[in-house]
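Good morning. Please have a look at the structure on the screen, and then I will walk through a few parts of it.

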Amino acid sequence: MSEYEVSGTVNADGSWTPHSVVRETHSGGSIDFEPEVKAGSSFCMRLRNALNGEIFSDEVCWSTDEYERKTLATDVIAGTRFTIDARGTDEQTRFSGKLFTA
């Protein structure tokens with residue numbers, strides 16, 4: 001499993017913010033995220049296909065006291081190139097954590 005440090009900013013108004021860093025899975029499996037700093041009391045992420053821009057995961061959110069690793073997508077095939085979208089609340093804009101890919 002590969003591990004990536006992820007950090008970024010989101011719009012202060014709570015709308016989705018797309019991020020341009022492209023990551024790629026090396027084998028089939030899941031993509032997980034474990035936040036260290038969340039942009040708000042409800043911080044959410046989803047995944048987007050880097051080739052065609054289509055969203056391929058459900059929205060996954062963390063509330064105020066949640067910092068555990070959550071699965072963003074399952075059954076992802078090897079070689080999938082993707083980016084993340086994120087959004088926060090409470091006008092907080094910074095987030096960071098670890099992304100785990102198969």
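**Rings, strands and one threonine**

Let me start with Phe43, which is buried, its relative accessible area being 0%. Please keep in mind that this is a predicted model.

Which strand holds Phe43? Phe43 belongs to strand 5, residues 43-49, and Phe95 belongs to strand 9, residues 94-101. Phe95 is buried too, with a relative accessible area of 2%. The cut-off for calling a residue buried is under 20%.

Now the rings. Searching the whole structure gives 4 aromatic pairs. In the pair of Phe43 and Phe95, the ring centres are 5.1 Å apart and the planes meet at 35°, so this pair counts as tilted. Phe43 and Phe95 sit in strands 5 and 9, so their pair ties together parts that are 52 residues apart in sequence. Ring pairs also build a cluster, whose members are Phe33, Phe43, Trp62 and Phe95.

The charged end of Arg69 is placed over the ring of Phe100, at 3.5 Å from the ring centre. Arg23 lies over the face of Tyr4, and here the distance to the ring centre is 5.8 Å.

Next, strand 8, residues 81-87. Why do I call strand 8 largely enclosed by the rest of the structure? Because 5 of its 7 residues are buried.

Which strands pair with strand 8? Strand 5 is one of them, antiparallel to strand 8, with 6 bridges. Within that pairing, Asn49 has Phe82 of strand 8 as its bridge partner.

Last, Thr17, which is found in strand 2, residues 17-18. Is Thr17 buried or exposed? Thr17 counts as buried, because its relative accessibility is 12% and the limit is 20%. Leaving out residues up to four places away in sequence, Thr17 touches Thr9, Val10, Asn11, Ile84, Asp85 and Ala86. With Asn11 there is also a polar pair: a polar atom of the Thr17 side chain lies 2.9 Å from the backbone nitrogen of Asn11.

That is where I will stop.

Terms used:
Residues are numbered from 1 along each chain as its sequence is written. This is a predicted model: local features need pLDDT of at least 70, side-chain atom pairs count only at pLDDT 80 or more; totals for chains, interfaces and linings use all residues. Side-chain values use heavy atoms; hydrogens and water are left out. Helices (H or I, at least four residues) and strands (E, at least two) are DSSP runs, numbered from the N terminus. Buried means under 20% relative accessible area, exposed over 50%, partly exposed in between (1.4 Å probe, protein chains only). A polar contact is a pair of N or O atoms within 3.5 Å; within protein, one must be able to donate a hydrogen and the other to accept it, and residues adjacent in sequence count only if both atoms are side-chain atoms. Contact means heavy atoms within 4.5 Å. Rings of Phe, Tyr and Trp (its six-membered ring) pair if their centres lie within 6.5 Å; planes under 30 degrees apart count as stacked, over 60 as edge-to-face and the rest as tilted. A charge sits over a ring if NZ of Lys or CZ of Arg is within 6 Å of the ring centre and within 35 degrees of the ring normal. Two strands pair if DSSP finds at least two bridges between them.
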